[in-house]
Amino acid sequence: MVTIAERLDAAYARIATAAKKCNRDEKDITLIAVSKKKPLEDILAAFDHGHREFAESYVQEGVEKVQALNDHKTIVWHFIGPIQSNKTKAIAEHFHWVQSVDREKIARRLNEQRPTNMKPLNILIQVNIDNDDNKSGCAIAQLPQLAELVNNSRQLHLRGLMAIPAKTDSFDAQLQSFEKLKACFDKLQTQYPQLDTLSMGMSADVDAAIAAGSTMVRVGTAIFGERS
Ligand SMILES: *Cc1c(COP(=O)(O)O)cnc(C)c1O
């Protein structure tokens with residue numbers, strides 16, 4: 001049986017190989033372990049192997065895990081799922097990063113509900129890069145306005161962009177989507193030089209994402225196995 005520790009090592013190795021192929025430094029790419037629908041024991045197995053960055057997609061499940069592991073102070077928690085406006089308070093109070101901000105109402109509520117005794121919430125704006133009707137994410141045309149709002153929010157810290165491209169097995173098609181997001185990122189960065197995070201790449205498309213300039217990959221299945 002392959003352990004979570006071994007699969008984590010394989011994920012790190014895959015990032016290193018992909019980075020080397022395009023003359024990038026693997027240290028510039030952060031691996032986020034996506035633990036949604038997986039039990040606490042799995043998170044702890046990764047933690048015991050030295051991993052600290054985890055992501056959850058469902059509010060209730062995510063909050064329960066953050067609370068259960070409250071004494072593991074070094075864990076960095078990312079929220080990456082679709083956000084309903086009645087769930088923003090729980091997200092603002094429990095996570096370090098929110099990668100799925102895609103509209104002004106959500107940004108306003110997260111800013112108002114982030115407790116003032118906590119550090120500002122790190123924000124990635126999710127972009128609907130392939131104009132997919134089934135996917136969340138803001139349209140590219142709305143990006144400047146939403147970025148300005150987040151940037152002007154005291155309890156939010158604009159860090160960059162995130163996207164989930166349309167599913168395809170073709171490396172070239174994956175690359176093309178990711179390069180679109182990279183172009184949006186570069187453009188936005190001329191206005192906000194502090195932007196440092198481009199979150200793209202999952203188990204099936206990490207290599208193309210890194211080739212296109214990803215600085216953060218979100219890997220679930222390849223670390224924790226298939227989800228039921
Ligand atoms: C589930 C999920 C992932 C991880 O997907 P895998 O294919 O299991 O690696 C990454 N990003 C988001 C936004 C997700 O919802």
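**Ground rules**

I number residues from 1 along each chain as its sequence is written, and my side-chain values use heavy atoms, with hydrogens and water left out. Since I have a predicted model here, local features need pLDDT of at least 70 and side-chain atom pairs count only at pLDDT 80 or more, while totals for chains, interfaces and linings use all residues.

**Entry 1: pockets**

I started with the empty space. Rolling a probe the size of a water molecule over the atoms shows where such space is left. For me a pocket is an open set of points on a 1 Å grid over the protein atoms alone, where a 1.4 Å probe fits, with protein on both sides within 12 Å along at least five of seven lines; lining residues have an atom within 4 Å of a point. Grid points are joined across faces, edges and corners, and a volume is the space filled by probe spheres set on the points.

The largest pocket holds about 660 Å³. I found 27 residues lining it, with Lys36, Ile164, Lys167, Met202 and Arg227 nearest its centre. I sorted that lining by class: 11 residues are nonpolar, nine polar and seven charged. (Nonpolar takes in Ala, Val, Leu, Ile, Met, Phe, Trp, Tyr, Cys and Pro; charged means Asp, Glu, Lys and Arg; the others, Gly among them, are polar.)

The second largest pocket comes to about 250 Å³. Its lining has 13 residues, and Val66, Asn70, Lys73, His94 and His96 sit nearest the centre. I count six nonpolar, five polar and two charged residues there. Helices α3 (59-68) and α4 (88-94) each give at least two residues to this lining. (Helices are DSSP runs of H or I with at least four residues, strands are runs of E with at least two, and both are numbered from the N terminus.)

**Entry 2: helix α3**

Next I checked which α3 residues are buried, meaning under 20% relative accessible area; exposed is over 50%, and partly exposed lies in between (1.4 Å probe, protein chains only). Val59, Gly62, Val63, Lys65 and Val66 are buried in α3. They are on the same side of the helix, because their arc around the axis is only 165 degrees. (I take the arc from the directions from the helix axis to the C-beta atoms.) Their cover includes α2 (40-48), β2 (53-56), β3 (76-79) and α4.

**Entry 3: helix α5 and the cores**

In α5 (residues 104-113) I listed Ile106, Ala107, Leu110 and Gln113 as buried. These also share one side of α5, since they cover an arc of only 145 degrees around the axis. Among what covers them are α4, β4 (97-101), β5 (121-126), α6 (143-151) and β6 (156-162).

Which residues have the most contacts inside the largest nonpolar core? Leu110, Ile125, Leu161 and Ile223 do, in a core of 63 residues. (A nonpolar core is a set of buried Ala, Val, Leu, Ile, Met, Phe, Trp, Tyr and Cys residues joined through side-chain atoms within 4.5 Å.) A second, separate core has nine residues, including Ile32, Val34, Ile80 and Trp97.

I then followed Leu110 itself. Leaving aside neighbours within four places in sequence, Leu110 is in contact (heavy atoms within 4.5 Å) with Thr88, Ile91, Ala92, Val98, Val101, Leu121, Ile123 and Leu156.

**Entry 4: loops**

His96 is in the loop between α4 and β4 and is partly exposed at 32% relative accessible area. Its C-alpha atom is 6.1 Å from that of His78, 18 residues away along the chain. Neighbours within four places aside, His96 is in contact with Ile75, Val76, Trp77, Leu121 and Asn122.

Lys37, not a glycine, has a positive phi of about 65 degrees; Lys37 lies in the loop between β1 (30-34) and α2. Asn131, also not a glycine, has a positive phi of about 50 degrees and belongs to the loop between β5 and α6.

Is Asn128 buried or exposed? Asn128, in the loop between β5 and α6, counts as buried because its relative accessibility is 12%. Asn131 is exposed, at 62%.

Last, I looked at Ala166, in the loop between β6 and α7 (171-191). Ala166 touches Asp130 and Lys135, not counting residues up to four places away in sequence.
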